[in-house]
Amino acid sequence: MRLKGKKAIVTGGVSGIGEFTVREMVKEGASVLIADINDQLGEELAAELNGEETKVVFQHVDVSKETDIEAMVEKAEKEFGQLDIIFSNAGIGALSPSAELSYEDWQKVISINLDGVFLCAKHAIKAMQKTGGGSVVNCSSILGNVGQAQTAAYTAAKGGVTNLTRALAVEYAKENIRVNAVCPGYIDTPLLEQLDEEMRNQLISLHPIGRLGKPEEIAKAVVFLASEDASFVTGANLLVDGGYTAQ
Ligand SMILES: NC(=O)c1ccc[n+]([C@@H]2O[C@H](COP(=O)([O-])OP(=O)(O)OC[C@H]3O[C@@H](n4cnc5c(N)ncnc54)[C@H](O)[C@@H]3O)[C@@H](O)[C@H]2O)c1
């Protein structure tokens, strides 16, 4: 019960890495507000996990809208009394030759994958300041650390998340607010559905471990960063990538 009594928000919490993180956080004793644009799955997951000691609620949130994020933090404070943890995980994939990428598509990826992470941190930190501390965990990627063809907007956004994490960690360390990021390798989630079999096998071959990651393997890393086990960890970008970036 490493998160016993903690109050958390998970954005993009109904699918893939987010869903497994919600489940892991609840198992570890946290109450969780699931924030997502998918209302049906969100309501179903909240109904499945809501319990006596660990409350689980859903709120419709588009992380590219600051008003939605303000309402999300207010709802967490109202439901739980305080906010201790936020996992800013919502994100979309985007694959396109960079010279063909429209400015509109670039902006969409940046607004969800980077602006959304900043806005979540901004409002969550304000809530954490009221209670004397907290833990912000952002979802970056191996592509926040190394480049890859045909992913200009995604890689730029994740690179932004990686360094935003460091900037916020330095700024709020003295206020007992730790800010870290998890940097997954390729994880078997619905985000990879756009890949054909050949691309999938090619991606597997890039991981020395010889397989894609599982969402639960990222969820466990997020719980570690969010918990007191990581009390001296801030500004870290924790690679959980089967050795992808080690070669
Ligand atoms: N799957 C991978 O290989 C991989 C690798 C590295 C990093 N990541 C990152 O992990 C995070 C989760 O990805 P996943 O693989 O679980 O994907 P996923 O598609 O399974 O889940 C993403 C979730 O985000 C939600 N979402 C999308 N846009 C949103 C918005 N504007 N506001 C709120 N919610 C929104 C979706 O509804 C969905 O529930 C993303 O940030 C992604 O970039 C994934």
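## Strand E4 and its partners

Strands E4 and E5 (residues 134–139) pair in the parallel sense over four bridges; pairing requires at least two DSSP bridges between the strands. Strands (E, at least two residues) and helices (H or I, at least four) are DSSP runs, numbered from the N terminus. Ile86 has Val136 as its bridge partner in E5.

E4 also pairs with strand E1 (residues 7–11), in the parallel sense, over three bridges. Here Ala8 has Ile85 as its partner in E4.

The model is predicted: local features need pLDDT of at least 70, side-chain atom pairs count only at pLDDT 80 or more, and totals for chains, interfaces and linings use all residues. Residues are numbered from 1 along each chain as its sequence is written, and side-chain values use heavy atoms, leaving out hydrogens and water.

## Two faces of E4

In a regular strand, side chains alternate between the two faces of the sheet. In E4 (residues 85–88), Ile85 and Phe87 point one way, Ile86 and Ser88 the other. All are buried, that is, under 20% relative accessible area with a 1.4 Å probe, protein chains only.

Beyond its neighbours within four places in sequence, Ile86 is in contact (heavy atoms within 4.5 Å) with residues including Ile9, Met72, Cys120 and Val137.

## Nonpolar cores

A nonpolar core is a set of buried Ala, Val, Leu, Ile, Met, Phe, Trp, Tyr and Cys residues joined through side-chain atoms within 4.5 Å. The largest has 31 residues. Ile9, Leu33, Met72, Leu83 and Ile86 have the most contacts inside it. Elements supplying at least two residues each include E2 (31–36), H3 (66–80) and H4 (103–131). H4 gives the most, nine residues.

Apart from this core lies another, of 28 residues, among them Leu3 and Ile187.

Note on methods:
Buried < 20%, exposed > 50% of the residue type's maximum accessible area, 1.4 Å probe, protein only.
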